[in-house]
Number of protein chains: 2
Amino acid sequence: MSQPQQRRFMLPESDLPTHFYNISADLPEPLPPPLHPATKEPIGPEALAPLFPMELIKQEVSQERFIEIPEEVREAYRIYRPSPLIRALGLERALDTPARIYYKYEGVSPAGSHKPNTAIAQAFYNKAEGINRLVTETGAGQWGSALAFAGSLFDLETKVFMVRISYEQKPYRRSFIQTFGATVVPSPSTETNAGRTILESDPDSTGSLGIAISEAVEVAATHDDTKYCLGSVLNHVLLHQTVIGQEAIKQMAMAGDQPDVVIGCAGGGSNFSGIAFPFLREKLAGNSRTRFLAVEPASCPSLTQGEYRYDFGDTIGSTPLLKMHTLGNGFRPAPIHAGGLRYHGMAPMVSHLYELGFIEARAYAQNTCFEAAIQFARTEGIIPAPEASHAIRAAIDEALEAREAAQERVILFNLSGHGYFDMAAYDAYLAGQLVDVAYEPQREAVAV
Amino acid sequence: MSQPQQRRFMLPESDLPTHFYNISADLPEPLPPPLHPATKEPIGPEALAPLFPMELIKQEVSQERFIEIPEEVREAYRIYRPSPLIRALGLERALDTPARIYYKYEGVSPAGSHKPNTAIAQAFYNKAEGINRLVTETGAGQWGSALAFAGSLFDLETKVFMVRISYEQKPYRRSFIQTFGATVVPSPSTETNAGRTILESDPDSTGSLGIAISEAVEVAATHDDTKYCLGSVLNHVLLHQTVIGQEAIKQMAMAGDQPDVVIGCAGGGSNFSGIAFPFLREKLAGNSRTRFLAVEPASCPSLTQGEYRYDFGDTIGSTPLLKMHTLGNGFRPAPIHAGGLRYHGMAPMVSHLYELGFIEARAYAQNTCFEAAIQFARTEGIIPAPEASHAIRAAIDEALEAREAAQERVILFNLSGHGYFDMAAYDAYLAGQLVDVAYEPQREAVAV
């Protein structure tokens, strides 16, 4: 009898990455810097000091290729890392494709997504600088869960502004966050000036990541003992996520394969970056023909339809200006179930690499993503998060293309999280009640 | 710097067990046989043939020590097995105990519990004998999820009678089962004579595993193309679960430790058996002083307060009589959140080993279990299923005892599932709304 094909490629704990990989060191052109909204001059570290601990501000602008991961952070990573790389044998068979499909599964983490990779690091650096209290926002709830968990590990008080639509659609994500001891506030709220301003102009606002960011930033900026944590977009967040791709490189080598295409869903850009950047290093050096594909929702298509320009990271306009693909900071994304992809902008680093032609982007409507998700669940045994279903849709389409072309294609995607808190969305899909929302530009600014 | 302590002990796929371990072969006294309710004579295979495929009936009475696992079953196991063995370093630190605590984590499976270990095997044997349709019951929803997944793998139609209290408390477990293509019916239902009989005497019945079993058995018995699947209690179910303990033996050896005590929660008895039986083999041979501890809910304490006698496996009295610890087949368990532990009886094999003095039992009320669960979540990063929280409570108490006694104790427990579909229960606990229900004997039979 022939040896069965290996499904799961597991690394020993000793193969946990020792450093974060900083793609800034390998860029052919430097990243445009963040600007002060009033002066339009590049901001210095002091402008970020009210929000972030100094170590993270340094990482934000660092040009070092590798930044050592503190042992306390690695110890916490060992709760769930290295995460598995899985060959999708069941899905391949169902698609009858010559393609080989692999996925890196980040749903094994305490929060059920890739988010703890940066939450743990951020909590550690804050704790190390004497901070007692963290504040953040959350869309789908995955980031809030991650920071609540990280806060509980490092004994930090944590407050989470949760986008109201998710707060209502996902009450169990709220419970999850509370189980780890954090406080949850639906956003927009009346606790901040930002929230009150939004509610005045739109009392029924379902919220957005941009609004929730405004609220969290305001709380941090007005409390000395409190710092702000962001779950995506910024360089240091993307940096922490590179543990994903570094592990995947070793695991693909175990499998004896090289990816022809690396796929990730992209809202703010962190899980895509996490899997892509370590592989992109070879491409930036001119040594690789691997393609990189960021997948976004058709209703919130910042890369494929947004402008590349300076814009605010939040809705109210309280952050520095970031050069990125944006639908405009006043854009209110439709209430699709992939709450983690409802963001008007895209990480400056991802936007920059897209402009330089190193990565591709594609947008899908939600029904076709749920269809892919269910095919994946029934063949691979994991119900994916609606966000991750975008990556699955693209992976399946790549595999079907390979079948048409009778081509051996090696596909690697990041399964950034499970969907066990998203069953209401699956209910709606199975009942035929999910609406595909087209993108509608909304260029007017919010009255502030 | 010293090497960090290893947390997770992972086996390669090549170490997946090749055989189920059948404890029947090693019993000092044979298990009392099931009896026909009318004749009170031991039943033969033909009596079970309407309900189960022949291969499972053979396994039910087999005396072979090892039964080979079909390659198709092992291939499906590789979707999630071997499962991790984890050293609870975070929990140990929080408890400040000299004990070393390990847990085998079965929540990594598609259904989030140990249940697919037998669901996959049962679906395979049914498929192999030409069956098209499976019917079963589910309490907390974990077994129904497992069989729905297994049915989807082997292309079988699956129908699940779900205990009404769980159907209402856990709508997302229902969605989960439906996502895998199975049909879900709240029990008691009007679809069966059994269900209608219960509803006549108790129109507001919240249901129980015993009632749901009656309904599922009736559907199988009255349809030629349909067989019944049970998620616990029977010998062949316990047999399939022994992959857990076989892996754990190898993993404990990797860790360089031997358990002083092996702990599992016990409803029907299958996850406890799964981890315990392979370790018990040595004890039955007189070569081990390891203790074995089955943990049950105080409100449904079949081992610690039930009688050891012949009783029906279901509420309506349609199954063969099984010699087991029972609270009486008319006992209606209180609606605690650990739905998977709400069963009036206990597996005959577990009952037998308890009577022979090879295992101990202990009962806990639910609030103290949730307290343990939250301590575990905040230190280990996994929110446990309410069922599994009983094992955690016992493990923590063993570790605290070890601290009092300044004793190095090695504790191994089965973390049989995650609690991501049980957040309503955590909500209730955190709000101080959970009631500890004492056991109230109810000896009168149900009017049939």
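How many cavities of 30 Å³ or more does a search of the whole structure find? The search turns up eight. This is a predicted model, in which local features need pLDDT of at least 70 and side-chain atom pairs count only at pLDDT 80 or more, while totals for chains, interfaces and linings use all residues. Residues are numbered from 1 along each chain as its sequence is written, chains are lettered from A and ligands numbered from 1 in the order in which they are written, and side-chain values use heavy atoms, with hydrogens and water left out.

A cavity here is a set of points, on a 1 Å grid over the protein atoms alone, where a 1.4 Å probe fits but cannot get out. Grid points are joined across faces, edges and corners, and a volume is the space filled by probe spheres set on the points. On that basis, the largest cavity holds about 540 Å³ of space. Its lining (residues with an atom within 4 Å of a point) runs to 33 residues. Nearest the centre of the largest cavity are Tyr105(A), Gly107(A) and Val108(A), along with Tyr105(B) and Val108(B). By residue class, this lining splits into 21 nonpolar, eight polar and four charged; Ala, Val, Leu, Ile, Met, Phe, Trp, Tyr, Cys and Pro count as nonpolar, Asp, Glu, Lys and Arg as charged, and the others, Gly among them, as polar.

Next comes the interface. Between them, chain A and chain B bury about 3900 Å², with 56% of it on carbon and sulfur atoms; buried area is the accessible area (1.4 Å probe) that two parts lose on being put together, summed over both. Arg8(A), Tyr172(A) and Thr179(A) supply 17% of what chain A buries against chain B, more than any other three residues. Each side brings 44 residues to the contact, from chain A and from chain B, where contact means heavy atoms within 4.5 Å.

Two helices of chain B are mostly covered. Helices (H or I, at least four residues) and strands (E, at least two) are DSSP runs, numbered from the N terminus. Buried means under 20% relative accessible area, exposed over 50%, and partly exposed in between (1.4 Å probe, protein chains only). In helix H8 of chain B (residues 171-179), seven of the nine residues are buried, including Tyr172(B), Arg173(B), Arg174(B) and Phe176(B). Just after H8(B), Gly181(B) takes a positive phi of about 90 degrees. Helix H14 of chain B (residues 348-355) has six of its eight residues buried, namely Pro348(B), Met349(B), Val350(B), Ser351(B), His352(B) and Leu353(B). The cover over these buried residues includes helices H11 (235-255), H12 (270-284) and H13 (302-305), as well as strands E12 (307-312) and E13 (321-326), of chain B. Following H14(B) is Gly357(B), with a positive phi near 85 degrees.

Over in chain A, Asn329(A) sits in the loop between strand E13 (321-326) and helix H14 (348-355). Asn329(A) counts as buried because its relative accessibility is 12%. Its side chain reaches the backbone oxygen of Thr315(A) at 3.0 Å. Leaving aside neighbours within four places in sequence, the contacts of Asn329(A) include Asp311(A), Phe312(A), Ile316(A) and His344(A).

Glu68 can be followed in both chains. Glu68(A) lies in strand E3 (residues 66-68) of chain A and, at 57% relative accessibility, counts as exposed. Beyond neighbours within four places in sequence, Glu68(A) touches Thr18(A), His19(A) and Tyr125(A). In chain B, Glu68(B) belongs to strand E3 (residues 66-68) and is exposed at 58% relative accessibility. With the neighbours within four places again set aside, Glu68(B) is in contact with Thr18(B), His19(B) and Tyr125(B).

Arg81(A) and Pro82(A) are joined by a cis peptide bond, omega about -10 degrees, and Pro82(A) falls in the loop between helix H3 (71-77) and strand E4 (85-87) of chain A. The Ser187(A) to Pro188(A) bond is also cis, with omega near 5 degrees. Asp155(A), a residue other than glycine, has a positive phi near 60 degrees; at 64% relative accessibility, Asp155(A) is exposed. In chain B, Lys40(B) likewise shows a positive phi near 60 degrees, and Lys40(B) counts as partly exposed at 48% relative accessibility.

Note on methods: On a 1 Å grid over the protein atoms alone, a cavity is a set of points where a 1.4 Å probe fits but cannot get out, and a pocket is an open set with protein on both sides within 12 Å along at least five of seven lines; lining residues have an atom within 4 Å of a point. A polar contact is a pair of N or O atoms within 3.5 Å; within protein, one must be able to donate a hydrogen and the other to accept it, and residues adjacent in sequence count only if both atoms are side-chain atoms.
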